[in-house]
Amino acid sequence: MPLFSKKIKCLHCGGNFKARKDRNRRVYVCSRYDNYGECKRIPIEEDFLKNTINKRYDFQLTDDEIKNKVERIEVEDKLLFTIYLKDDEPIVFGKNFIKY
C-alpha cells in the first residue's frame, strides 16, 4: 500500500490523491483529474514528501514512523502544500519558504 494512501487531499476539488508509478518513481495525482478531467494535474513525488518530513527531524524516519506521524496533506500546487502532523505543528511548504 502506498505510504500516503488516503492522506493527500486536493484543495482545488476536494478529491483524494492516488498513487501511481511514473518512471520508476511513486507520484500522487488528484484522482478526479485522472478519472473525470475535473481537476488539475498536480503530481507530487513520494520521495519529495518524505524528504520534506525528514528535514523536520534530526534523523531519518522509517516509512512506518512517517505513516503514523502524518495526519493529512493538503495540496494546492506542487510547491504549495501543508503537511499536518499528529501531535506536532504542521509543515507549510510555500513557493518561497518552508515553515517547520
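A strand here is a DSSP run of E with at least two residues, and strands are numbered from the N terminus. I keep that in mind for the first entry, and I note that the model is predicted.

**Entry 1: the hairpin**

I looked up how β5 connects to β6, and found a hairpin that joins them through two residues. I then checked the pairing. β5 covers residues 70–77 and β6 covers residues 80–85, and the two run antiparallel with six bridges between them. I picked out two partners to follow by eye. V70 sits opposite L85 of β6, and V75 has F81 as its bridge partner in β6.

**Entry 2: the sheet around the hairpin**

Which strands make up the sheet that holds β5 and β6? I read the order as β1-β5-β6-β7-β8, five strands in an open sheet with mixed pairing. At its edges are β1 (8–10) and β8 (98–99), and each of these pairs on one side only.

I went on to β1. Its pairing with β5 is parallel, over three bridges. I found I8 opposite I73 of β5.

I also looked for a helix on this sheet. Helix α2, residues 46–54, lies across β1, β5, β6 and β7 (91–93). The helix runs at about 60° to β6.

I turned to the segment before β1, where I looked at F4 and K7.

Is F4 buried or exposed? I note F4 as buried, because its relative accessibility is 0% and buried means under 20%. I listed its contacts beyond the neighbours within four places in sequence: Y28, E46, L49, K50, I53, I66, V70 and I73. I also took one distance along the way. The C-alpha atoms of F4 and E71 are 9.6 Å apart, although 67 residues separate them along the chain.

K7 is buried as well, and I found no salt bridge for it. What is the nearest side chain of opposite charge to K7, and how far away is it? It is E71, at 9.0 Å. With neighbours within four places left aside, K7 is in contact with K67, V70, E71, R72 and I73.

**Entry 3: the other sheet**

I found another open sheet, of three strands in the order β2-β3-β4, with antiparallel pairing. Why is one side of β2 and of β4 (44–45) left without a neighbour in the sheet? Both stand at the edges and have a single partner strand each, so one side of each has no neighbour there.

D22 has R25 of β3 as its bridge partner.

**Entry 4: the loop between β2 and β3**

I checked the loop between β2 (17–22) and β3 (25–30), where R23 is found. N24 lies in this loop too. Most residues other than glycine have a negative phi. Phi of R23 is near 55°, which is positive in a residue that is not glycine. N24 is likewise not glycine, and its phi is positive, near 65°.

N24 counts as exposed because its relative accessibility is 78%. Exposed means over 50%.

Definitions and conventions: Residues numbered from 1 in each chain as written. Predicted model: local features only at pLDDT ≥ 70, side-chain atom pairs only at ≥ 80, totals over all residues. Heavy atoms only, no water. Pairing = 2+ DSSP bridges. Helix = DSSP H or I, 4+ residues; strand = E, 2+ residues; numbered from the N terminus. Contact = heavy atoms within 4.5 Å. Axes fitted to C-alpha atoms, helices over the stretch in contact; angles between N-to-C directions. Buried < 20%, exposed > 50% of the residue type's maximum accessible area, 1.4 Å probe, protein only. Lys, Arg positive; Asp, Glu negative; His and termini not counted. Salt bridge = Lys/Arg side-chain N within 4 Å of Asp/Glu carboxyl O.
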